[in-house]
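Please go through the model shown here.

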Amino acid sequence: MEKGLALPQDCRDFGHSLRMRSKYALFLAFVVVVFVFIEKENKIISRVSDKLKQIPQAPAEANSTDPALVLAENASLLSLSELDSAFSQLRGRLRNISLQLGVEQAEEAPPPPAGAGPRRHVLLMATTRTGSSFVGEFFNQQGNIFYLFEPLWHIERTVSFEPGGASAAGSALVYRDVLQQLFLCDLYVLEHFISPLPEDHLTQFMFRRGSSRSLCEEPVCTPLVKKVFEKYHCKNRRCGPLNVTLAAEACRRKEHMALKAVRIRQLEFLQPLAEDPRLDLRVIQLVRDPRAVLASRMVAFAGKYEPWKKWLAAGQDRLGEEEVQRLRGNCESIRLSAELGLQQPAWLRGRYMLVRYEDVARRPLEKAREMYRFAGIPLTPQVEDWIQKNTQAARDGSGIYSTQKNSSEQFDKWRFSMPFKLAQVVQAACGPAMRLFGYKLARDAATLTNRSVSLLEERGTFWVT
């Protein structure tokens, strides 16, 4: 619209807010969701319902980009089921309202290209510092897969949940619904979570765009526009601002879709996606020794772990109970999801695979072939070549976020820098999860640093379920 014909700002803000409310009201059910869209003073606020407040508060993850939901012992699974049912019913009613208002919805799954097999939708489900960026490259490097790197980061940054028991459950529901739309190639769902808001479906602020080859190749990579700052630019070529429409079209042209997320922590919340006839969901849950995870997080997120560092420096016997409970809660949420997957309920049969990062690091090509076989996607020489080149580096790639590793030597380096008393805290808090995943406890400091003593049980194909 030309400037001379522009509507007053208040009218435009109101119309924009109405469209956002109608389209994204499907995310709101008995949940406090504050949609904060940083576009001048535009702010939409919702309130929490009394029913959801009844769900107990989960321990918060120390790393704010990795929220967890751990139900208290007296939490009712039925209450979550009732919540999910009510959420779905309200979402359906609000979708009808959206259609009446003329808001577009992605109702059909994009068909696979002519001559291709069934379209697969792969979710790499992990937590931070488990090697998920590295493993995600196994799918990112294959040309017939549309791969997205942590798109839910935008939702976490622009959607706030009021303090209280509903927060973690509410976030899980919102993440799940956004995930469903992304698997349907409805990338427009991200637009109202990107800050500042895209204009004409163009944005310079897609998180880690360069970590997705699909967003950096033609025709999605448009000519560079001079003097336009792009916060997360493509790595190997210069592109103009991301055109969401071109990205959505590229997604539809690809044979398969894959996505990495560290913000999906509760496997049970994915049941509607597994049962959605438009999707063929395959979930790969990636886990790692919690001692290694903690060691990595203390480096990558140093500010979040100041209490741990002070405890180590002071030489005190006991760490603060809040920190221990947070660690235990994180391990338990991962364990509960894995146990559910390994139990193979009907809705997950043939759709769940559990993978240890340590196995991938030691035998990357073998594990890549297993994951592709599980997903029902042929592995291409392109991926095999990338694995060979990026897992046998003379030295680890620069930076804590690098995906270039000498993987067979790197996976247990944490053992030689972690104080034994720190390992003891993790072992005490995460014992049940470590036993399930086959991580052995270190009896003393000498065992911890003895490279000839393996802290990893061999499990073989037990992990493919």
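Predicted model: local features only at pLDDT ≥ 70, side-chain atom pairs only at ≥ 80, totals over all residues.

Residues are numbered from 1 along each chain as its sequence is written, and side-chain values use heavy atoms, with hydrogens and water left out.

Reader: What percentage of the residues in the chain is buried?
Author: Buried means under 20% relative accessible area, exposed means over 50%, and partly exposed lies in between, with a 1.4 Å probe and protein chains only. The chain has 465 residues. The buried share is 56%.

Reader: How many helices and strands does the chain have?
Author: Helices (H or I, at least four residues) and strands (E, at least two) are DSSP runs, numbered from the N terminus. The chain has 17 helices and 10 strands.

Reader: Is α3 parallel or oblique to α12?
Author: Axes are lines fitted to C-alpha atoms, for helices over the stretch in contact, and angles run from 0 to 180 degrees between N-to-C directions. Helix α3 (residues 132-140) packs on helix α12 (residues 364-375) at about 60°, with the axes 11 Å apart. Angles under 35 degrees count as roughly parallel, over 145 as roughly antiparallel, 65 to 115 as roughly perpendicular and the rest as oblique. Therefore α3 is, relative to α12, oblique.

Reader: Which residues of α3 and α12 make the contact?
Author: Contact means heavy atoms within 4.5 Å. From α12 come Pro364, Ala368, Met371 and Tyr372, and from α3 come Val135, Phe138 and Phe139.

Reader: How many charged residues are in the contact of α9 with α15?
Author: Trp308, Trp311 and Leu312 in α9 meet Lys421, Leu422 and Val425 in α15. Ala, Val, Leu, Ile, Met, Phe, Trp, Tyr, Cys and Pro count as nonpolar, Asp, Glu, Lys and Arg as charged, and the others, Gly among them, as polar. The contact has 5 nonpolar and no polar residues, and the number of charged ones is 1.

Reader: Why is arginine 252 classed as partly exposed?
Author: Arginine 252 sits in helix α6 (residues 244-253). Leaving aside residues up to four places away in sequence, arginine 252 touches Pro110, Pro111, Arg119, Leu184 and Cys185. Arginine 252 is partly exposed because its relative accessible area is 36%.
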